[in-house]
Amino acid sequence: MNVSLTIPKQLDITAIRQEFPVLNRKVKGKPLIYLDNAATSQKPQRVIDAINYYYSNHNANIHRGIHTLAEEATAAFEETRDAVKSFIGAGSREEIIFTKGTTEGINLVAYSWGRKNIQAGDEIIISYMEHHSNIVPWQLLCEEKKAVLKVIPISDKGELLMEEYKNMLGPKTKLVSIVHVSNALGTVNPVKQMISDAHAVGALVMVDGAQSAVHLDIDVLDLDCDFFAFSAHKLYGPTGVGVLYGKKELLESMPPFQGGGEMIKEVSFEKTIFNDLPYKFEAGTPNIADVIAFKYALQFIHSTGRERIRLHEQDLLEYAHVELEKIPGLQIIGKAREKVSVVSFIISNAHPQDIGILLDNQGIALRTGHHCAQPLMDRFCIPGTARASFAVYNTKFEIDELVKGLYKVVKILS
Amino acid sequence: MSPQLSILETEREIIEEFALFDSWDDKYEYIIDMGKTLPALEPIFKTDENRVRGCQSSVWLIADYQEGKLIYKADSDAMIVKGLISMLIRVLSGRTADEILGAKLDFIREIGMTTHLAQTRSNGLLSMIKQMKHYAIAYKIKDPVPSKN
């Protein structure tokens, strides 16, 4: 018997890269090195083809038409819901709401659940490492309801101070809305523990999974989170599609987020009867083509193998940490024990914007700035960072090129 | 002192200087060098009020009015942006409000810096030009017929 059959095979990165047509292009005359995956990942050919195929063969409005195209489009659309359900381990397909993205998912909960359940004096807990989209909806809600927003502080390494969190929880806590993985630091937060702590005081928990869904195995039943939101475009899928998972009994108790078509059963001018889950929260014609194509992104992740992707990305992360720190004056921001493949850094006497522009000249795409997490930047007393984030198709060669590029940047700026 | 070149002549001069470089790195090194020649702005001027909105880096811009002409001073904490603004100052500073408002600044395109004109949050060149023109409008309203007093 061949024992090696039971060991996960190493990824064939060359073959994987061939699935992503954009990786063949040049930028400023140099081969593209795309290291801005935390902002959005590139799309495999099968996702691009699915969008094209849908418009060429099935295009119809879904759920109401009785003609063949409408039936085909509806079936394909609903297949993605089933694929998402198993991807995140949800209990039922009614718990999967399609949105525009993570931001809309969080806003939906803040607007619908929040406005119904939050009262004056209630407390909502977030953390210092939240993206603006997990800050502003709660600020608006707290302002409107005279509720209190509390913020979990973090350590210099970029980890939540869990003792402080536990001390914040109390009878007034109604909701904890926490980022699973920090977009700016890469920190993986211990959400399972945080959820159980919050539930112990009767609070609900919303998890912002924008960065985690692509890197970690998500099992919403195991986490026991009440809401979980993420975006397709960070998971090799199309832009304009997101998912909000919510526990069924919660979603059923919540008023609709937006009114319109699709979300109703009967409308008269006296009264409207809302549709059942999940359609109650999907007012208007959804982004049909991109939802359908999203299934192929999930299929790509599944066939490539979550565990193999994770091992590859962790390998890249460790390599990047070691190699980047060899550069004089470079400091990595965010050194949590548990991290995904995101490396934020600053270089003394080099503004992140200059780093970004000069790397772009060399065909290297990374993100610079405050990463929509200004409170976090203030916490570290920096205007922003440069951030390299790796996906399944990235290689150690590309990290070497980044390091070479940074040496050049330092030379130019000195 | 030789007479001051016109806006268009200055633009042409910059285009000719950039024609000497064929790599992007060289172009940017030149921009950074130009930034280094820009005198630092005194800290008292580095206020929120003087900050140009819409830049990923901090840019401060002020304008004086002397003998009917606007004199710009600026600074930034990022070197490329400082270089870009020093180029704008070279072209627009010491001109009348009308000259500044009429400037099309085509040289930016000609030297390949259009990416910095893009409407993204990270590129502030457009905001800088807008701010410079706002100063020109403000002084034009204050002093409709510039007197060379």
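The contact between the two chains takes 13 residues from chain B and eleven residues from chain A, two residues being in contact if their C-beta atoms, placed from the backbone, lie within 7 Å. On the side of chain B that touches chain A, helix H2 (24-36) and helix H3 (79-92) of chain B each supply at least two residues, where helices (H or I, at least four residues) and strands (E, at least two) are DSSP runs numbered from the N terminus. H2(B) gives the most to this side, with five residues. By class, the side of chain B that touches chain A has seven nonpolar, three polar and three charged residues; Ala, Val, Leu, Ile, Met, Phe, Trp, Tyr, Cys and Pro count as nonpolar, Asp, Glu, Lys and Arg as charged, and the others, Gly among them, as polar.

The structure is a predicted model, in which local features need a pLDDT of at least 70 and side-chain atom pairs count only at pLDDT 80 or more, whereas totals for chains, interfaces and linings use all residues. Residues are numbered from 1 along each chain as its sequence is written, and chains are lettered from A and ligands numbered from 1 in the order in which they are written. The predictor gives the complex an ipTM of 0.87 and a pTM of 0.92. For chain B the average pLDDT (the predictor's confidence in each residue, from 0 to 100) is 89, and 90% of the residues score at least 70.

Chain B contains six helices and two strands, which run α-α-β-β-α-α-α-α from the N terminus on. Of its 149 residues, 32% count as buried, a residue being buried if 20 or more other C-beta atoms lie within 10 Å of its own, exposed if 12 or fewer, and partly exposed in between, with C-beta atoms placed from the backbone. Among the contacts in chain B with a separation of 6 or more, 64% are accounted for by residues 24 or more positions apart.

Chain A is divided into domain 1 (3-43 + 305-413) and domain 2 (49-302), with bounds that come from an automatic or database domain assignment. The centres of the two domains, taken over C-alpha atoms, are separated by 27 Å, and 27 residues of domain 1 are in contact with 27 residues of domain 2. On the domain 1 side, the elements that give two or more residues are helix H11 (306-324), strand E14 (342-347), helix H13 (374-379) and strand E17 (385-389) of chain A. The largest share of that side, four residues, comes from H11(A). By class, the side of domain 1 that touches domain 2 has eleven nonpolar, seven polar and nine charged residues.

Helix H4 (residues 102-117) of chain A has 16 residues, which at 1.5 Å a residue should span 22 Å, in agreement with the 21 Å between its end C-alpha atoms; the expected span is 1.5 Å times one less than the number of residues. Twelve of the 16 residues of H4(A) are buried, so the helix is largely enclosed by the rest of the structure. These buried residues include A:Glu104, A:Asn107, A:Leu108 and A:Trp113. Their cover includes strand E4 (96-99), helix H5 (136-145), strand E8 (204-208), strand E9 (227-231), strand E10 (242-246) and helix H9 (248-253) of chain A.

A cis peptide bond, with omega about -5°, joins A:Leu277 and A:Pro278, and A:Pro278 has its place in the loop between strand E12 (272-274) and helix H10 (288-304). A:Lys146, in the loop between H5 and strand E6 (148-152) of chain A, has a positive phi near 60° and is exposed, with 11 other C-beta atoms within 10 Å. A:Cys372 has a positive phi near 55°; A:Cys372 is found in the loop between strand E16 (367-369) and H13 of chain A and is partly exposed, with 18 other C-beta atoms within 10 Å.

A:Tyr128, in the loop between strand E5 (123-127) and H5 of chain A, is partly exposed, with 19 other C-beta atoms within 10 Å. Not counting residues up to four places away in sequence, A:Tyr128 touches A:Val151, A:Ile152, A:Pro153, A:Ile154, A:Pro375, A:Leu376 and A:Arg379. A:Tyr128 and A:Gly91 are 37 residues apart in sequence and, C-alpha to C-alpha, 31 Å apart in space.
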